Amino acid sequence: MPLTASDVDRFEAARPRLEAIAYRLLGSAGEAEDAVQETFLRWQAADVGRVEVPEAWLTKVLTNLCLNLLTSARARRETYVGQWLPEPLLAGDPMLGPADTAEQRESVSYAVLTLMERLSPSERAVYVLREAFGYPHREIAAILDITEAASQQIFHRAGKHVADGRARAEIDQAAARRVVEEFLAAAASGRIEPLVRLLTEDAVSIGDGGGKVPARAKAFEGAVAVAKFLRGLFRPGEAKRALAGGAPELYASTANGDPAVVAVVDGRVVGVMCLTVTAEGIAAFRNQVNPDKLERATARWASADHGKPLATAF
């Protein structure tokens, strides 16, 4: 039986929540959109008149689609060129989902999304549904076809794996801009010492070029090593400008709730550097430069006014 207008409206009302769940599960906006679209096709083919709780039905279908995608994604990432990082979402992107509580904000932070790569698909699903969306274990158990006790155990185990991601400090837009301004000033100085002072002793820097843009396969570790890398990264060079298609303009923004440096060339986002900030300083730089993972960021960037850039790189 074809869907009625009411059935379509019911799905569209659920779409933002479904996309937010799928993004947290997959770390990819494109894959999240595909999973939600496939969920709609399943909804279209179902006898929806017999579905007692549409929200629960849709969440179950979507989650299980994502579990299948996560299983295949693990195999793909074993052959991925260099480090794999999630697709960053810029401030205001509706796919970021709910941000009313600290737990919800943390669950979509770039640090936690990266740490969730350590989890098994089932651990990731339980963690996201419970931590970010507040589903009771009884409902999670029904979604995943496990017992309520198993859901509780899986959540406890998953929480231990991602505990490191809770080290970041809560930062508003104004504070994020100050952090980025201070960082860019230090990076532009050409000296290591100002950068080292901003970093924690165990700071790391990770880059994802996807084999399309040069990015070191191994992370830089330690304040001095990271500072030296960043000094070199911001040092002017003709080859860098040619690779980027020009001299990138650098803006202060947020990505996944974290302070971020957004590099833009002729309206195209060519890099998003997410900073993890703790009480002790900047603990991590996660640099997304894979163009395939910046298309949504570019579209989002074009839809808003960002004022003048703070600096020009290279």
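Is Asp93 buried or exposed at 5% relative accessibility? Asp93 counts as buried at that value, where buried means under 20% relative accessible area, exposed over 50%, and partly exposed in between (1.4 Å probe, protein chains only).

The legends below describe a predicted model, in which local features need pLDDT of at least 70, side-chain atom pairs count only at pLDDT 80 or more, and totals for chains, interfaces and linings use all residues. Residues are numbered from 1 along each chain as its sequence is written, and side-chain values use heavy atoms, with hydrogens and water left out.

**View A. Salt-bridge network of Glu33, Asp93 and Arg296.** A salt bridge is a side-chain nitrogen of Lys or Arg within 4 Å of a carboxyl oxygen of Asp or Glu; by this rule the model contains 13 salt bridges. Glu33 pairs with Arg296, with the closest N and O atoms 2.9 Å apart. Glu33 lies in helix α2 (residues 29–45) and Arg296 in helix α13 (residues 295–302), so this contact ties together parts that are 263 residues apart in sequence. Helices (H or I, at least four residues) and strands (E, at least two) are DSSP runs, numbered from the N terminus. Glu33 is partly exposed, at 36% relative accessibility. Arg296 also forms a salt bridge with Asp93 (2.7 Å, N to O). Asp93 is located in the loop between α3 (54–78) and α4 (102–107), 203 residues from Arg296.

**View B. Salt bridge between Arg177 and Glu181.** The N to O distance in this pair is 3.0 Å. Both residues belong to helix α9 (residues 173–188); because they are four residues apart, about one helical turn separates them. Glu181 is partly exposed at 34% relative accessibility, and Arg177 is likewise partly exposed, at 36%.

**View C. Strand β4 (residues 258–265) and its buried side chains.** Eight of the eight residues in β4 are buried. In a regular strand the side chains alternate between the two faces of the sheet. Asp258, Ala260, Val262 and Val264 point one way, whereas Pro259, Val261, Ala263 and Val265 point the other way.

**View D. Pairing of β4 with β3 and β5.** Two strands pair if DSSP finds at least two bridges between them. Strand β3 (residues 249–255) runs antiparallel to β4 and is joined to it by seven bridges; Leu250 has Ala263 as its bridge partner. Asn256, in the hairpin of β3 and β4, takes a positive phi near 55°. On pairing with strand β5 (residues 268–278), β4 is again antiparallel, over six bridges, and Val265 is partnered by Arg268. Two residues lie between β4 and β5 in their hairpin, where Asp266 in the turn has a positive phi of about 50°.
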